[in-house]
Amino acid sequence: MNSTVIVFPGSNCDRDIAVALEKLNFKNKMVWHKDTTLPKSDLIVIPGGFSYGDYLRSGAMAAKSNILKEVVRFANNGCLILGVCNGFQILIEAGLLPGALLRNKELKFLSKNIFVKILDNKNKFCNKYKKNQVINLNIAHNEGNFFIDKENLKKLEDQNLIAFKYCDQAGKETENSNPNGSIKNIAGIFNEKKNILGMMPHPERMIDHSVSNEDGVGLFLSILS
Amino acid sequence: MKITQEIISKHGLKEEEYQKIRKLLKREPNLLELGIFSAMWNEHCSYKSSKFHLKNLPTKNKYVIQGPGENAGVIDIGDDDAIIFKIESHNHPSFIEPYQGAATGVGGILRDIFTMGARPIALLNSIHFGDPKNNNTKNLLNGVVSGIGGYGNCVGIPTVGGETKFNSTYNENILVNAMAVGHAKKDKIFYSKAKGLGKSVVYVGSKTGRDGIHGASMASAEFDENSEEKKPTVQVGDPFTEKLLMEACLELMKKKSIIAIQDMGAAGLTSSSVEMASKGGLGISLDLEKVPCREENMTPYEMMLSESQERMLIILETGKENEAQKIFEKWDLDFVIIGKTIKEKNLILKYNKTEVGKIPIDALSDQAPIYERDWKKNKISQRKIKIKDLNKIKFKDAFIKIISSSNHSNKNWVTNQFDQMVMGDTLQKSGGDSAVIRIHKKNKAIAITVDSNANYCKAHPTTGGKQIVCESWRNLISVGSKPIAITNCLNFGNPENSEIMGQFAETIIGMKEACEFLNYPVVSGNVSFYNGTNQKNIFPTPVIGGVGVIDNYNNVFDHKLKAEGNIILVVGKTFGHLDQTAFLREIYNKIEGPPPEINLSNEKNNGLAILKLAKEKLICSIHDVSTGGIISSIAEMSLSSMIGVKINKPKKLLNLFEYFFSEDQGRYILEVKPNDIGKVKQILEDENIHHEAVGVAQKKFFEVENEIKLSVEELYNLNNKWYYNY
């Protein structure tokens, strides 16, 4: 399977996600933000980091970059798009996903391991997980507090477009297990066609037992299947 | 402009120093030249008070590729891999403007590392604040922690370790020390020595602004009530540009085009150009109108003394300019040829073709003043406190007070603000004895620790200096690594005071002795004097950053208890030394008395025996005994995996308090499987090392026979609440 990782100035999880993709046998290419064309891709990843220094607003400048126009075109043709952390912020700024990512409730950068629950496994990203399975991932962000208006929230819920919710180890969606104040503990969402996934936690940080755990591997295996 | 007495003293220069400048130039300097002298001759850049003592420190062993004198130290970890590391202070700026001060401290140390061709792989810090009850402390803590995170997180280097301490000695002068560690190929290390004449001197990175002018001079003076006015001398950081600069430099370094490279740190364009010229034994001529400026109408004086961040000076091979320029354009960074190397050994400054300054390079570097300042020997207090002299307190109450105190509480509140996992090779994060980072795509790993103990150093600098080197060594041993070398950041008060100079001189004597004995040399470092306000000096606070190597990352040890039923063993002898301990400070507010003694020979034997046990995989977990004594160490082991432990009272004459709270040195706690305990004891006995079993890991409860019974959850809550309630 061919994957492409987009590199913006200030991206800093690009190497990590490339390591994960290559470990799981994706044929991966890195594409620089000033490029105007994309190679043949079954999956495009927009990695975490601080694209354009997060100036103006996280993800706002990257959403206007040359290469994003191509990403939108690929997305419309059904290519799988994964945005992690800053990548999620960029997908929202580019209008590919609904809602907004506000500053964390404590107004502090927060990096820690958290639990999320798989809400839907009938999609290209999570089919190797069980429904309601609880996995342990890592977050590292300042603006991960997902917000969306009532009407669109209902749409996300009705159409099963919520991918992950923060929860405790037992799978309960409690206030304490919600690290950043996201509405309804939402940690990741799909677009309507479910070919685009945006998520704040980093699956690429959970692919190696000696560093953490292998709870992120299922996501990449799902894409491959 | 005529140079008046007032201008000279405003530049932090003494009258005799000014006379020396006149002699070296054989004329009066102009204002620009005076500014340049003041930038190069201040304490921060010239090490004029410390050089005399620093030269005594050992700087070599068979692993050292580059010792002090370059941007950072370099060690060989085998297979063509080198590790490059350094620690540096940013104390004064952080007190004035905590967020930017701390952030630019991180930025500066990162540049020191990638200037040498290394990709930074880890950041650590040692931050010291005043009494939590002091008005300013909370604000400073918040600002510094978010500044460190704000910079490192954005550049994408994991911040994996450090220490956060509180002590009223820092009420008016906090300490912010940042350490960076990088990895490079041994044959791809870049130095700052210029070579060849007529070579292009290139300015890359951010534009120059008016920020940070005379920052290094500020760092070389005490604070007073007007310090707030020094805010404009604090630099402003832009981690995004740093990330671009780092990537651009590392990309250029893959080509064969760099002769020398130096970051513009303290004293900016001045020190970077002078250092490269001085090391190369040649001169540099700069056309200052070409310097990219952020603000209008900047004068040569401002350009030469600005400490704007994220800038580098590079000397390029002839003909490589275009290739290099393309790389910096790709990263949207300025790239301007601003001068060339010349034969006459002068720094020549021109502005619109007019010469505005000319100074012999030697005058700025080799001829800079060196002082052998007066120093007084410190007396060691002989008073020893006996437990029977103290008011009675319940053992349990004392324990709880210590583990829930500001200095012994869990520091998640701090470390959760740092991205510890980016780059994907963090095997051990903050909270253990050392951070452990895997070398990317290799089996090897390195262990890194940052340590200090100002209380011991104040009580007796020589012992304190020794202790801190040993503590660092012990922390590296505790993760199963072989300690290789250190970097040091020496934070002291006013060196013109003979007592303070005595603290410095004696600390160096202690460090030297320990470094030599343990074959654990100093490869880089930084001295920060004048930490104090209105003649109130801080406690002597040397901070040590140690690096060790692990050949196979599967053999890393941590301090997490692994299984119920395992035996808890104390290695190293407990004498019951209570003076200068957390126990006396936290419970009785007593700060006098001698620090625990250091026996280097025991230290080494105990450490090497632990490594032997680790190598034979006879240990489940290891933790060194540090402040708070045996009981605190065991509690930390229990808390890191939420497995309980049952501890027995010692079967000897030592008092309970003395046994559990004393801070005797060279001790470790081991967790050993019952099946292995015989072999472990045998090895320790063969090496003549004192050891005793004190307890057994168990379910749920942290217990000390007849004294304490707490569920691990209760213990966790006690240990975790301080920061969140502050």
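Helices and strands are DSSP runs, numbered from the N terminus, with at least four residues (H or I) for a helix and at least two (E) for a strand. The legends below describe close-up views of a predicted model.

**Figure 1. Asn706(B) occupies the loop between strand 27 and strand 28 of chain B.** Although Asn706(B) is not a glycine, its phi is positive, at about 60°. Asn706(B) is exposed because 10 other C-beta atoms lie within 10 Å, and a residue counts as exposed with 12 or fewer.

**Figure 2. Met642(B) lies in the loop between helix 22 (629-641) and strand 24 of chain B.** Met642(B), a residue other than glycine, also has a positive phi, here near 60°. With 14 other C-beta atoms within 10 Å, Met642(B) is partly exposed.

**Figure 3. An open sheet of seven strands in chain B has the order 23-25-22-26-24-27-28.** The pairing in this sheet is mixed. Strand 23 (621-624) and strand 28 (708-711) of chain B are the edge strands, each pairing on one side only. On average, and with direction ignored, neighbouring strands are turned by 20° against each other. Within the sheet, strand 22 (residues 567-571) and strand 25 (residues 668-672) of chain B are joined by five bridges in the antiparallel sense. Ile568(B) has Glu671(B), in strand 25 of chain B, as its bridge partner. Helix 25 (residues 712-725) of chain B lies across strand 24 (644-647), strand 27 (701-704) and strand 28 of chain B, and runs at about 90° to strand 28.

**Figure 4. Helix 18 (residues 461-477) packs with helix 21 (residues 600-615) in chain B.** The two axes are 10 Å apart and meet at an angle of about 10°, so helix 18 of chain B is roughly parallel to helix 21 of chain B. Helix 18 of chain B contributes Cys470(B), Trp473(B), Arg474(B) and Ile477(B) to the contact, while helix 21 of chain B contributes Glu603(B), Gly607(B), Ile610(B) and Leu611(B). By class, five of these residues are nonpolar, one is polar and two are charged.

**Figure 5. Lys466(B) is a residue of helix 18 of chain B.** Is Lys466(B) buried or exposed? Lys466(B) counts as buried because it has 30 C-beta neighbours inside 10 Å, where 20 or more are required. Leaving aside residues up to four places away in sequence, Lys466(B) touches Gly510(B), Met511(B), Glu513(B), Ala514(B) and Ile598(B). Lys466(B) and Met511(B) are 45 residues apart along the chain, yet 4.8 Å separates their C-alpha atoms.

**Figure 6. Helix 2 (residues 66-76) of chain A has the buried residues Ile67(A), Leu68(A), Val71(A) and Ala75(A).** These residues are on the same side of helix 2 of chain A because they cover an arc of only 100° around the axis. An α-helix has 3.6 residues a turn, so residues three or four places apart point the same way. The buried residues of helix 2 of chain A pack against strand 1 (2-7), strand 2 (27-32), strand 3 (43-46), strand 4 (80-84) and strand 11 (196-199) of chain A. Asn66(A), Lys69(A), Arg73(A) and Asn76(A) are exposed on the other side of helix 2 of chain A. Just after helix 2 of chain A comes Gly78(A), with a positive phi of about 95°.

**Figure 7. Chain B touches chain A through 23 residues, which are in contact with 19 residues of chain A.** Helix 8 (137-155), helix 10 (239-253) and strand 14 (426-428) of chain B each supply at least two residues of the side of chain B that touches chain A. Helix 8 of chain B gives the most, with four residues. The residues on this side of chain B comprise 10 nonpolar, nine polar and four charged.

Key. Residues numbered from 1 in each chain as written. Chains lettered and ligands numbered in written order. Predicted model: local features only at pLDDT ≥ 70, side-chain atom pairs only at ≥ 80, totals over all residues. Axes fitted to C-alpha atoms, helices over the stretch in contact; angles between N-to-C directions. Parallel < 35°, antiparallel > 145°, perpendicular 65-115°, else oblique. Contact = placed C-beta atoms within 7 Å. Nonpolar A, V, L, I, M, F, W, Y, C, P; charged D, E, K, R; others polar. Pairing = 2+ DSSP bridges. Arc of directions from axis to C-beta.
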